[in-house]
Amino acid sequence: MIRIEHLTRTFGDFIAVDDLCLDIPDGELFCFLGPNGAGKTTTIKILTGLMRPTSGRTLLNGVDIRRDPLAAKRLIGYIPDMPFLYDRLTPVEFFGFTGDLYSIPRARVLERERELFALFGLQECRAALIKDLSHGMRQRVIYAATFLHEPRILFVDEPLIGLDPHSIRLIKDLLVRHARAGMTVFLTTHILPVAESIADRVGIIAGGKLIALGAPRDLLAHHGGKDLEEVFLQLTEGEDATCLSSALS
């Protein structure tokens, strides 16, 4: 599970994340929503150990990521909105490199390669240079590599940017299936119908503060919206401009 205790991150006078407290149990697919600049990506970077909080702490399956970062990072997978790939490697080489990072035995890497390359349709481009792949195929490579070590917690920042409808369906089904199998999934997205269709719970952040939390159907019932998009717009009206002006000031 993920436990977030009074997490705060400031940049000078700007408060990017403001006293965030949140528990996400094992096997939950949690969607973290908010306007641009609301604090979503900052939160994910803190949760994955890429950024230090100003105060507060995060426990990943009971492991404090600041006190024992290596143990915590072995538990997680992270797919950022703009993932880095080594352009001069092939998908097979990048997959093997990822296996080496996690000290996975070569036989297991080859076994997982067969499984995941089949799942993501990477067989035909396995020997191509990553720099020559389309955006959608590069995304499939990073998903395959991220699932190699079978993380217990998965963080995904904007998982569907630039993907074709077939890839979107594949990723949506994959996230739901793994959550049902016990993986904790924490993702951000601006595609609100996707969040409404797959999330067990959603949290809405604005101005660094968590302003709504619950199952999509409960938020609709409580706020009287016809869909999650309407509820989101109602709760965050004017926040895009506010967040942007605060970040630039």
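The legends below describe close-up views of one predicted model.

Residue numbers start from 1 along each chain as its sequence is written, and side-chain values use heavy atoms, with hydrogens and water left out. Because the model is predicted, local features need pLDDT of at least 70 and side-chain atom pairs count only at pLDDT 80 or more, whereas totals for chains, interfaces and linings use all residues.

**View 1. The aromatic pair of Tyr 86 and Phe 97.**
The whole structure holds 9 aromatic pairs (rings of Phe, Tyr and Trp, the last by its six-membered ring, with centres within 6.5 Å; planes under 30 degrees apart are stacked, over 60 edge-to-face, the rest tilted). Tyr 86 and Phe 97 form an edge-to-face pair, at 5.5 Å centre to centre and 85° between the planes. Tyr 86 sits in the loop between strand 6 (76-79) and helix 3 (91-101), and Phe 97 in helix 3, so the pair ties together parts 11 residues apart in sequence. Helices (H or I, at least four residues) and strands (E, at least two) are DSSP runs numbered from the N terminus. Tyr 86 is partly exposed at 39% relative accessible area, and Phe 97 is partly exposed at 31% (buried is under 20%, exposed over 50%, partly exposed in between; 1.4 Å probe, protein chains only).

**View 2. The aromatic pair of Phe 95 and Phe 117.**
The ring centres of Phe 95 and Phe 117 are 5.4 Å apart with planes at 80°, so this pair is edge-to-face. It links distant parts of the chain, with Phe 95 in helix 3 and Phe 117 in helix 4 (residues 106-119), 22 residues apart. Phe 95 is buried at 1% relative accessibility, and Phe 117 is buried at 3%.

**View 3. The largest pocket.**
A pocket is found on a 1 Å grid over the protein atoms alone, as an open set of points where a 1.4 Å probe fits, with protein on both sides within 12 Å along at least five of seven lines; lining residues have an atom within 4 Å of a point. The largest pocket holds about 720 Å³ of space, a volume being the space filled by probe spheres set on the points, which are joined across faces, edges and corners. Of its 21 lining residues, Ile 76, Tyr 78, Thr 98, Leu 101 and Tyr 102 are the closest to the centre. Helix 2 (69-75), strand 6, helix 3 and helix 5 (135-147) each supply at least two lining residues, and helix 3 gives the most, with 4. The lining divides into 14 nonpolar, 5 polar and 2 charged residues (Ala, Val, Leu, Ile, Met, Phe, Trp, Tyr, Cys and Pro are nonpolar; Asp, Glu, Lys and Arg charged; the others, Gly among them, polar).

**View 4. The salt bridge of Glu 5 and Arg 57.**
The count comes to 13 salt bridges (a side-chain nitrogen of Lys or Arg within 4 Å of a carboxyl oxygen of Asp or Glu). Glu 5 and Arg 57 meet at 2.6 Å, N to O. The pair links distant parts of the chain: Glu 5 in strand 1 (residues 2-11) and Arg 57 in strand 4 (residues 55-60), 52 residues apart. Glu 5 is partly exposed at 24%, as is Arg 57 at 35%.

**View 5. Arg 108 with Glu 111 and Glu 150.**
The closest N and O atoms of Arg 108 and Glu 111 are 3.2 Å apart; both residues lie in helix 4, 3 residues apart, about one turn of the helix. Arg 108 also forms a salt bridge with Glu 150, at 3.0 Å between the closest N and O atoms.
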